[in-house]
Amino acid sequence: MIRTGIGYDIHRLKRARRFLLGGIEIPFHKGMDGHSDADALAHAVMDSLLGACAIADIGELFPPSDPAYKDSNSMELLRCVVSRIKTGWKIINLDCVIICEKPKVLPYRDIIRKSLADALEVPFENVFLKGKTKEGLGSTGKGRAVEVFVSCLVEKI
């Protein structure tokens, strides 16, 4: 059995925060705001995988109301999700879209892909990501937020 999953996340940008995507810190004067380290890409990846496997969503597994997850490392949480699903599922591929006006994602694409592939325990070529803008439209287009969409394919083992 093969299944697909879709993940989405959005975070406001604010000063005095790190800008993290897939565990990689990108130099920028703002970062994503959130209860954890606010890595929107890692969050969308988790929701994509959890949804494809019909397990839960990240809010159920790692509730933002729980102080234990305050400032938590999203890539560590992703590894927990991978550990949970790999007993019954194989990750076939991941396709990610990062939507933000700045910073530009392309210069960091391969290092982010490698970080995700390592966390997912899949080959580098099974993970891809693209950067897009909103052409100045909405809060993301005005540089106030980052949005991420992720699609995954998993196979029952």
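Q: Take a salt bridge as a side-chain nitrogen of Lys or Arg within 4 Å of a carboxyl oxygen of Asp or Glu. How many salt bridges does the structure hold?

A: Eight salt bridges. This is a predicted model: local features need pLDDT of at least 70, side-chain atom pairs count only at pLDDT 80 or more, and totals for chains, interfaces and linings use all residues. Numbering starts from 1 along each chain as its sequence is written, and side-chain values use heavy atoms, without hydrogens or water.

Q: OK. Which residue does D95 meet in a salt bridge?

A: K130. The N to O distance is 2.4 Å. D95 sits in strand β5 and K130 in strand β6, 35 residues apart, so distant parts of the chain are linked. Strands (E, at least two residues) and helices (H or I, at least four) are DSSP runs, numbered from the N terminus.

Q: How accessible is D95, as a percentage?

A: D95 has 30% relative accessibility, so it counts as partly exposed. Buried means under 20% relative accessible area, exposed over 50%, partly exposed in between (1.4 Å probe, protein chains only). K130 is partly exposed too, at 23%.

Q: E121: buried or exposed?

A: Exposed, at 53% relative accessibility. K86 is partly exposed, with a relative accessible area of 41%.

Q: Where does K134 sit, and where is E147?

A: K134 is in the loop between β6 and α5 (138-141), and E147 is in strand β7. Their side chains form a salt bridge, 2.8 Å from N to O. So parts that are 13 residues apart in sequence are tied together.

Q: Is E147 buried or exposed?

A: Buried, at 7% relative accessibility. K134 counts as partly exposed at 31%.

Q: New topic: the core. How many residues does the largest nonpolar core have?

A: 47 residues. A nonpolar core joins buried Ala, Val, Leu, Ile, Met, Phe, Trp, Tyr and Cys residues through side-chain atoms within 4.5 Å. L41, V45, L78, L116 and L120 have the most contacts inside this core.

Q: Which elements supply at least two residues each?

A: Four helices are on the list: α1 (40-52), α2 (58-61), α3 (74-85) and α4 (109-120). The strands are β5 (89-99), β6 (127-132) and β7. Helix α1 gives the largest share of the core, nine residues.

Q: What does V45 touch?

A: L78, L94, C96, L116, L120 and V150, leaving out residues up to four places away in sequence. Contact here is heavy atoms within 4.5 Å.

Q: Now the strands. In which sense do β1 and β7 pair?

A: Antiparallel, over eleven bridges. Strand β1 covers residues 2-14. Pairing needs at least two DSSP bridges.

Q: Who stands opposite R12 in β7?

A: A145.

Q: Which other strand do two bridges join to β1?

A: Strand β4, residues 31-32. β1 and β4 run antiparallel.

Q: What is the bridge partner of K14 in β4?

A: G31.
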